[in-house]
Amino acid sequence: MKPKALVLRAAGTNCERETAWTLKQAGAEATILHVNQLIHAPSRLEEFQLVVIPGGFSYGDDLGSGVVFANQLRTRLKSAIERYIEDGNLMLGICNGFQVLLKAGLLTGRDVFDDPPRATLTWNLSGRYGDRWVDLRIVSERTPFVSGRKIVSYPVAHAEGRFVAPPAVLDELESDNQIVFQYVDGAGRPTQDFPFNPNGSERAIAGICSKSGQVLGLMPHPERNVRHFHHPEWTRLSKREHGDGYELFVNAVKHASHLAQC
Amino acid sequence: MLFKVRLTPKLKDQSPESLRAARTLKEAGLHSNGLVHRRLILIEGKVDPGELERISRELLADPVIETAQVLKGDEPEPEGECLLHVSRRTGVMDPIEQSLMRALFDCGIQPQGVKSVDQYEFAAPLTPAEVAKAYTALGNSVVDEAHRGPLLLKSLPKGKPYRFKLQQVDVRGLTEEGLKKLNAGMRLSMNLPELQAVQAFYRELQRDPSDVELLTLAQTWSEHCKHKTLAGKVHYREHRAHESGPDSDVVHESLFDMKLLPLDGRIGNLLKDTIKRATEELNKPWCLSVFVDNAGVIEFDESEAVCFKVETHNHPSAIEPYGGAGTGLGGVIRDILGTGLGARPILNTNVFCFGPLDADPRQVPKGAMHPRKVMRGVVNGVRDYGNRMGIPTPNGSIHFDPRYTGNPLVYAGCVGIIPRDKIQKQARQGDIIVVAGGRTGRDGIGGATFSSVELTSESETISAGAVQIGNAITEQMVQECLLQARDRGLYRAVTDCGAGGLSSAVGEMGEDTGASVELHKVPVKYEGLSYAEVWLSEAQERMVFAVPPHKLEELLDLFRSEDVEATAIGTFDGSGRLKLTWDGHEVCDMPMSFVHGGMPKVEREAVWNSGVPRGLPDPIVKSEDPGEILLAILGSPNVCSKEWVVRQYDHEVQAMSAVKPFTGPGRDGPSDACAIVPRLGGDQAIVVSNGLNTRLGDVDPFWMAQSNIDEALRNYVVTGGDIDHCAILDNFSWGNCNKPDRLGGLVRACYGCYVAAKAFGTPFISGKDSLNNEFMTEAGVSVAIPPTLLISAIGKAVSLKGLTTMDLKQPGSKLFLLGFTRDEFAGSHHEMVTGRRATEPPRLDTSMALRLYRALNEAQRQGLVRSAHDCAEGGLAVAVAEMVLAGRLGAKVRLDPRLAPSGAEPHDATLLFSESNSRIIAEVAAQDALAFWNLFKGLPIQEIGEVTREPRLLVFGMKGDKLIDQDAQTLAKVFREPLYKAFGEELPRTPA
């Protein structure tokens, strides 16, 4: 049975189509829903094993990136999401989706919702939006979304991607192996140097998972490095079938299909 | 009750927002040490203070980095006199307010009103002069207001309710003078014959028009909407009296000698006789809809088509660069949404022309902004709108000339994809008129007529209302609903509300059927709008639909389900008339035939004075050293890297990009064009490119037009675009074409377009013109922009595998130059940097060029081309230098007299820097060289050297002497640095 993936959008979400397409390629049945539809019938969440909040500018990021959408998850869908996570299902937030999950408190706490969230994503040190490809190292396998501690290339495209938290919280994330992706330099070392670390994130954090590993958020866009022509140097490199980002979706769908069978 | 929520960054003056504001103020010459930026949110209504306290802490503040404090609206703050507040003027769109209402609603609060304010705390109170400076730097007086000292308010400002009163305008009794006065007083921008036509019409009716009737006619007949110059009658003459001599340029070709024009020089319809004629004569079966809709549509595959439109938004961008550029882009995106039954936008392009970034502020004319400020605003506007819409921006260019200082140019383009069975639309009698999207406000009233007049040193004050502020998210919400409604077949026609607002949208859709609209039903942002304001407002993010009555409920439900406002406001009633009412009172009743056909045709005079001396800037290179000249051109504003801008645009969203703006291991090689794969999972790419040269128009617009087309096509072809499936778009920005010399140049450019498009087999599918680009200085001098023609090209790639990037790939590869190099330096960058005046502009041999491009396409299909790059500004030298820096490899090049046509005896400098058209450099693996060569039998092709491992450019002259020896790292630095430097930033490192 194909696992079911929900791509959840709101006003201003703009990466839902390519995200859904990639999920389908990876073997899932993907449905795109507007958050209004889910708020109208929260129990629909039970149909899915994987929820993805894609990139974009939900509600214009007008009150800070992801804040209004995050507020909806916390005020309108709280118990449905708690049940969904307690049932062992997966959630992924990419770029704006990461901002939403983090600001909703779904990534940092011991409970499903951390109240209030203890980490944030704020303005890039450059003070503005930037689009560039970065190298990332997978440094933890706490989450089923990744397999193998390798280096991958994805593009970033954001203005508010700088991961900030008090030192104690950063230590906790590190010791609990919740830091999954770090920005690295040409030698593969985590770095604070621009543009390798494109936003100045503390401890070079590009993506983290929840303590359960079920929820993953990352700023770079794996869905933009799926096909062989996506990589900026594809005309120089030998041909590959898929880009680095595809594997993340395959891993997620594989795990979700186990859940679908239970 | 009014509350004031104060959000203070924990990092105080070190927060990113504080630092950014401090940088901006420093640039404006103000002390900004210790500046703290806060967000203030004003909330009015019956709200429980305790609840607000909690929401402020948890929702409004980011608890990790901010603290929140709730005050009463009129409660003083301790920093008192050190504060400066900047906020949107009452009635101007502020997207934050909508999102705030949404978020508060989710928390169970429904306030009456909210407002967001930026608060700046300075180390000491500001003097009035400093306030003025800070206000200009941090806000824009057109849309923002500033308040010094504590902000003490008891309630939010509100508009006054509107009391209906029909306004009639006496036109019947007016003399010529009286009509002219009326024209100026109401800012109608009509000419005398048009005013007289209106007068005659109402004399016959034996009544006077209402204000809204008169304004509707002015708007519908405006240059912006009817293109009366380009589509009008022209009487063209040529003067060839000038002798060639040291101070004048030589005489160039006569259009009469080329038999392009009737001998009496009378042109019935310039557009039809040139641009459209090329398309008609070519009659390509893959052109599915041209010149009739909001965008031109061409075939993509058996089930889908692509459409492309490019717009200008020059005058609004001069006054409010951020809002002007953003709404310019928003407008062209709506054009795509309003093409056929609606296309999905998949790609944006942006081309800008500014004054020099290093302009002495004292030299910037009064009423104009410094080019740096204009550029920053424009780039931010495009970035914030395009990125929010989720449309990639992978193609564009930026050009500089002092004459753009008072009148910058902003071109915004958008490509869409549409099912082939959704290309046709037709409103039918009985269809309901529905307006959806943003609410109507007072913004942008008179934009269509405003864009048709010259800018003056006072424009900033008198045309403030003509600027619109956009909200990309509203447009994105409309887009998603529109496309769902399209696929469910819920409407029969759609168009966007652009210039002229509802007047233009409903007027156009109802041209055949007639329309009646109840204006009081249109949702407004605030009270106080008159019926005329509602009808003519250019408030953004609105689309108008023709909905069959039995589909109305379903359509309204769909929009409601995603929080998009949609309202039925009238009917396409079959009356053949335009009828408007306000609460039952008739305010307009005119036959559509007069609205659209009543405009008298005026013949304009056009003169081409050949041989007028051109001004040249002071030379920046004194020596003859080719290496120095190369670096000077490589780092010159038009040629240098636009990375500082491009990295701020999302060019990856929608996961389609196959050739990106930058290429090579350092991701800094400038791609000639972009390629995207528009269908998820598809294998067919489209290529999009542009061509624009601001220096050739001064020499001869006839050759400029041809050169620009050739440049666009070269960029397209080198990237892998199929020359036999390529369409082009024209966008003219010209000086005031009521002046015969300006119009003379335009006529020549149009005929240049015809000749080249016809010969290349590349039809025009859409275009737009902006013909009043002059800036009137305080001293009364009218400065015209350089004649500027943007050509955009779009078409299918030969294959996905055939896509080619410009970075050198492999040591040992052979380098070939395709095309002949001639002594053609007039308008070149060599002429500009050395000051050595030239007379011959690049001409174009289209039949040779077409054969070259087809041969290159064949080589790409066969996989023989490792890299390819267009020779343009700076000629062969700059092109090879860019390939070297992009590939982090070297090139050894030997100049050869055979690069020129036989018998030409060229100089080294000609071969290096001449800007002859139709030339391409190609890298071919050594083992493929023969096969490649064989494809070019009988065509100009020459091996010029090879790719080397050491990243260094070496060029040897015809005598074997070393002319250029430069390492790739220096080339990259010279190429990348100028824009970063202009904006006071450090050059970022590259990955390789």
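This is a predicted model: local features need pLDDT of at least 70, side-chain atom pairs count only at pLDDT 80 or more; totals for chains, interfaces and linings use all residues.
Residues are numbered from 1 along each chain as its sequence is written, chains are lettered from A in the order in which they are written, and side-chain values use heavy atoms, with hydrogens and water left out.

Here are the interface totals.

| Interface item (chain A and chain B) | Value |
|---|---|
| Buried area | about 5,600 Å² |
| Share of the buried area from carbon and sulfur atoms | 52% |
| Salt bridges | 10 salt bridges |
| Polar contacts, both residues at pLDDT 80 or more | 33 residue pairs |

Buried area is the accessible area (1.4 Å probe) that two parts lose on being put together, summed over both. A salt bridge puts a side-chain nitrogen of Lys or Arg within 4 Å of a carboxyl oxygen of Asp or Glu. A polar contact is a pair of N or O atoms within 3.5 Å; within protein, one must be able to donate a hydrogen and the other to accept it, and residues adjacent in sequence count only if both atoms are side-chain atoms.

Helices (H or I, at least four residues) and strands (E, at least two) are DSSP runs, numbered from the N terminus.

Now for the interior. Leu104(B) sits in helix 3 of chain B, residues 95–106. The Leu104(B) residue is buried, at a relative accessible area of 0%; buried means under 20% (1.4 Å probe, protein chains only). Its contacts, leaving out residues up to four places away in sequence, include Ile43(B), Ile55(B) and Val114(B). Leu60(B) is 44 residues from Leu104(B) along the chain, with 9.3 Å between their C-alpha atoms.

The largest nonpolar core has 168 residues, and Phe163(A), Phe181(A) and Met375(B) touch the most other members. Such a core is a set of buried Ala, Val, Leu, Ile, Met, Phe, Trp, Tyr and Cys residues joined through side-chain atoms within 4.5 Å. Helix 16 of chain B (residues 472–487) gives the most to this core, with 8 residues.

Methods: Buried means under 20% relative accessible area, exposed over 50%, partly exposed in between (1.4 Å probe, protein chains only). Contact means heavy atoms within 4.5 Å.
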